[in-house]
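This report goes through side-chain interactions in one structure, from charged pairs to aromatic rings and the nonpolar core. The structure is shown first.

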Amino acid sequence: MDDWLDEGEGAREAQRQSAVEFAQAYLVFVDDSRARELLDYWDRTLMNRRVPVDASIQQYAAAEAIRAFIAGIHQQIALGREERLA
């Protein structure tokens, strides 16, 4: 009766492991000096860019999309490092 639960947990663990393996590709932003410099540049110039108060909604959306992209890279790096340290 518990078999379906075990398969679900096994599938979740396999999915998590797959996500971690994918995230480890983002460690290029940690290990490679050129990629690290690029991410640092994005952090300094794009992540904290201010949008003018009178900007259009499209400008706000574009700025948020860029921030979400860079934040996503940092999240993937954190996930990849978590497993590297384990």
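Is Arg44 buried or exposed? Arg44 has a relative accessible area of 54% and is therefore exposed. The model under discussion is a predicted one.

Three salt bridges are found in the structure. One of them joins the side chains of Arg44 and Asp40, with an N to O distance of 3.1 Å. Both residues belong to helix 3 and are four residues apart, about one turn of the helix. Asp40, at 39% relative accessibility, counts as partly exposed, whereas Arg44 is exposed.

Another salt bridge connects Arg67 with Glu64, and here the closest N and O atoms are 3.5 Å apart. Arg67 counts as partly exposed at 21% relative accessibility. The cut-off for buried is under 20%, so the value for Arg67 falls in the partly exposed class. Glu64 is partly exposed too, with a relative accessible area of 45%.

## The salt bridge of Arg34 and Asp32

The side chains of Arg34 and Asp32 also meet in a salt bridge, at 3.9 Å from N to O. The cut-off is 4 Å, so this pair qualifies. Arg34 counts as exposed at 66% relative accessibility. Asp32 is partly exposed, its relative accessible area being 26%.

## Aromatic pairs

A pair of aromatic rings is described by the distance of the centres and the angle of the planes. Searching the whole structure gives three aromatic pairs. In one, the rings of Phe22 and Tyr26 have centres 5.9 Å apart and planes at 65°, so the arrangement is edge-to-face. Phe22 is exposed, with a relative accessible area of 53%, while Tyr26 is partly exposed at 24%.

Which arrangement do the rings of Phe29 and Trp42 have? Their centres are 6.2 Å apart and their planes stand at 50°, so this pair is tilted. The pair links distant parts of the chain, since Phe29 is in helix 2 and Trp42 is in helix 3 (residues 33–47), 13 residues apart. Phe29, Trp42 and Phe69 together form one aromatic cluster.

## Surroundings of Phe29

Phe29 lies in helix 2, which spans residues 28–31. Its relative accessible area is 15%, so Phe29 is buried. With neighbours within four places in sequence left aside, Phe29 is in contact with Ala35, Arg36, Leu39, Trp42, Ile73 and Ile77. The C-alpha atoms of Phe29 and Asp40 are separated by 9.2 Å, the two residues being eleven apart along the chain. Asp40 is the salt-bridge partner of Arg44 described above.

In soluble globular proteins, nonpolar side chains tend to be buried together. In this model, the largest nonpolar core has nine residues: Leu27, Phe29, Val30, Ala35, Leu39, Trp42, Ile70, Ile73 and Ile77. Helix 2, helix 3 and helix 4 (57–85) are the elements that give two or more residues to this core.

Key:
Residues are numbered from 1 along each chain as its sequence is written. This is a predicted model: local features need pLDDT of at least 70, side-chain atom pairs count only at pLDDT 80 or more; totals for chains, interfaces and linings use all residues. Side-chain values use heavy atoms; hydrogens and water are left out. Buried means under 20% relative accessible area, exposed over 50%, partly exposed in between (1.4 Å probe, protein chains only). Contact means heavy atoms within 4.5 Å. Rings of Phe, Tyr and Trp (its six-membered ring) pair if their centres lie within 6.5 Å; planes under 30 degrees apart count as stacked, over 60 as edge-to-face and the rest as tilted. A nonpolar core is a set of buried Ala, Val, Leu, Ile, Met, Phe, Trp, Tyr and Cys residues joined through side-chain atoms within 4.5 Å.
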